[in-house]
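The structure is shown first, and the terms are given as they are needed.

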Amino acid sequence: MKVIDTDLLSVQQARILLEQAESSKESLLEIDKEERNDLLNKIKQYYKANIDQLAKMSFEETSYGRYEDEIKLGKYYLDNLDNELDFYPNIFDIVSGQNSRQVALSKGLSLVFIAPYLSTLTCFQAIYFAIRALNPLIIVSDTRCENTVTKMVEDIKKILKEDFYPRGFLDILTYNSDLGEKTLYESDKVSFILENLLSEDKREIQNDQAQIFKAEIGNNIVFIDKDCDIDKASCEVINSKAFNNGLLPGVEQSVVVEENAYDQVVQKFKEYGAYFFKQGRAYKT
């Protein structure tokens with residue numbers, strides 16, 4: 001019988017990924033803006049051409065959300081991405097502040113954890129922004145969507161190779177284990193950590209050398225008062241909650257209603273498909 005020590009393999013791979021990513025930083029600085037923009041367009045075209053397949057693949061792997069909604073959201077994101085980024089500087093641009101002028105520089109090695117919901121869009125975002133900012137990137141996928149995310153990373157690595165980007169600029173931890181993840185997020189080589197997670201999957205990430213950001217589905221509260229357009233408000237809340245089965249970070253999770261509007265809001269919610277629970281049972285009428 002062949003015995004495989006997954007923890008050992010994961011730690012070894014994590015160390016290799018860190019070394020390769022670190023060594024790619026200097027080579028990245030030689031890539032000019034025109035080359036970088038050309039690559040960004042290729043990555044966008046890749047995602048646009050494969051978004052249907054990737055979203056369906058992710059749904060079949062995870063059963064999270066609705067792949068139709070992830071496709072819709074991804075296409076909307078692509079259509080508006082360039083306009084949004086016009087407000088942000090590129091690497092090596094001169095940025096003027098109130099009392100000084102600074103050069104926009106690469107942040108450094110980035111580590112991004114991908115959650116099992118909206119995994120294709122999140123993976124695309126991480127890679128796209130890493131390229132734009134010339135930040136080496138290591139991705140760690142949730143095991144529930146690792147086939148989809150690994151495919152995306154490997155496909156885009158081929159595009160990077162064709163454009164002569166340095167080895168190690170983009171990679172993924174394929175031997176997942178807690179020890180491998182810890183080796184990555186505690187490394188002093190890492191400058192930026194983004195953890196996309198479900199609430200029950202929180203890691204105890206600590207790294208004094210890195211900026212750490214966490215993204216999850218929070219308890220977003222909407223308030224409906226008696227003077228608002230109750231029909232419109234009810235419609236928007238229900239549609240928002242239903243989109244991708246409620247798996248958006250900004251989706252409404254709870255509703256507070258002014259007493260004088262309560263009965264009308266309940267009725268409108270029912271008209272738009274909401275169910276209410278009473279004594280352990282769901283009811284609509």
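## Aromatic pairs

Rings of Phe, Tyr and Trp (its six-membered ring) are taken as a pair if their centres lie within 6.5 Å, with planes under 30 degrees apart counted as stacked, over 60 as edge-to-face and the rest as tilted. The model is predicted, so local features need pLDDT of at least 70 and side-chain atom pairs count only at pLDDT 80 or more, whereas totals for chains, interfaces and linings use all residues. Residues are numbered from 1 along each chain as its sequence is written, and side-chain values use heavy atoms, with hydrogens and water left out.

Under this rule there are eight aromatic pairs. Tyrosine 128 and phenylalanine 129 form an edge-to-face pair, because their ring centres are 6.1 Å apart and their planes stand at 80°. Tyr47, Tyr77, Phe124, Tyr128 and Phe129 are linked by ring pairs into a cluster.

## Accessibility of the rings

Tyrosine 128 is buried, at 4% relative accessible area (buried means under 20%, exposed over 50% and partly exposed in between, with a 1.4 Å probe and protein chains only). Phenylalanine 129, at 33% relative accessibility, is partly exposed.

The rings of phenylalanine 192 and phenylalanine 213 make a tilted pair, since their centres are 5.4 Å apart and their planes are at 35°. Phenylalanine 192 is partly exposed at 22% relative accessibility, and phenylalanine 213 is partly exposed at 40%.
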